[in-house]
Amino acid sequence: MRVFNFSPGPSALPLPVLEKAAIEMTDTNGTGQSVMEMSHRSKDFKPIIEKTESLLRELMGIPANYKVLFLQGGASLQFSMVPLNLAAGDAPGKGKKAAYIDTGIWSDKAIKEGAKYAAVEVRASSKDKAYSYIPAAPQPQADDAYYHITLNNTIVGTKWDKIPDTGSVPLVSDISSCILSEPIDVSRFGILYAGAQKNLGPAGTTVVIIREDLIRKTPDWVPVMLRYDTHAAEGSMYNTPPCYGIYMIGLVLEWIKNSGGAEAIAGINRDKAGMFYNYLETSKMFYSPVEKQYRSLMNIPFITKEQDEAKKTELESRFVKEAAAAGLVNLAGHRLVGGMRASIYNAMPVDGVKALISFMEKFES
């Protein structure tokens, strides 16, 4: 029996995608072999990666002067690659100035990693209120190498309601947990990056969308695998790319296109999130700790109103356990913040959200 999987990642994949992948597991496109067996430089794999890139460009409206790279290492590796490529100095620790906005645990990780290679300045933070809101974004400074934000904060359940205007300073964003959840103006950014395992496909592939003028020659001390020019010059094939992951992303993109594209998917996501937030607003047991203006469409943390900490922990643990027994899995909050969290990415059907609300009503009563 298929469960409703509310995992923040690796997350649920659309059932039609899994079914097509199963059919093609041993024979893809009439080649008599699995994608997992193909040489990445073969005539059989070339149309797969080209189709995946073409679909991504179409669905996101990616301008022609941007490169699409399929890399590895997750968004976490991009915490290093961004400063190494945009702000690295003649030696480690002597980088250019870079602006960051701190809106959650993943932002904090990006800041700490970036500080190893760039002169990082945290211009604003919402840590003072447990990251329950998005702070105002100050204007960039003329000598900033780039300006970094995390568009959707997976753990704390916030998202930017307005994209900051950074003028000539390249805006860089981690969009791992919101890519293709709604339309986005790619031209507002210098670099967008996303781990695939939330909204695009299985874990193991990272998508980087980078404006061509930002693909520069970096200092010689920067490792070859951590240079955007390395991968751009070789069409993401400097070394063996995550072939099967790229194939799976292609299938997910086909599913999104057949579902009406990013705008249609966004409408469904707004309905799902609205339905769940409306329930939390009326519940006598559960509530959302996030300020309304900044609530994520993709990741919805919620906690009980129990004031006694020991009883609260016991109650929330019981909820997660009983929900799993009812086929609603992976609802525990992140280990660093506790509580519960429902990640309702593109692949989560409306029926899954309805089933969760129904269970919560029964649990509450």
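Which residue forms a salt bridge with Lys-257? The partner is Glu-58, with the closest N and O atoms 3.2 Å apart. This is a predicted model, where local features need pLDDT of at least 70, side-chain atom pairs count only at pLDDT 80 or more, and totals for chains, interfaces and linings use all residues. Residues are numbered from 1 along each chain as its sequence is written, and side-chain values use heavy atoms, leaving out hydrogens and water.

**Salt bridges**
- The whole structure holds 21 salt bridges (a side-chain nitrogen of Lys or Arg within 4 Å of a carboxyl oxygen of Asp or Glu).
- Lys-20 and Glu-254 meet in one of them, at 3.2 Å from N to O. Lys-20 lies in helix α1 (residues 15–23) and Glu-254 in helix α6 (residues 243–258), so the pair ties together parts 234 residues apart in sequence.
- Helices (H or I, at least four residues) are DSSP runs, numbered from the N terminus.
- Arg-295 forms a salt bridge with Glu-281, the closest N and O atoms being 3.1 Å apart.

**Exposure of the partners**
- Glu-254 is buried at 17% relative accessibility, and Arg-295 is buried at 13%.
- Lys-20 is partly exposed at 34%, and Lys-257 at 40%.
- Buried means under 20% relative accessible area, exposed over 50%, and partly exposed in between (1.4 Å probe, protein chains only).

**Nonpolar surface**
- Val-224, Met-225 and Tyr-238 make a nonpolar surface patch of about 240 Å².
- Patch residues have over 30% relative accessible area and no salt bridge; nonpolar side chains (Val, Leu, Ile, Met, Phe, Trp, Tyr) are joined within 5 Å, like charges within 9 Å.
- Val-224 is partly exposed, at 38%.

Key
Areas by Shrake-Rupley, 256 points an atom, 1.4 Å probe, with all protein chains shown as cover. Helix = DSSP H or I, 4+ residues; strand = E, 2+ residues; numbered from the N terminus.
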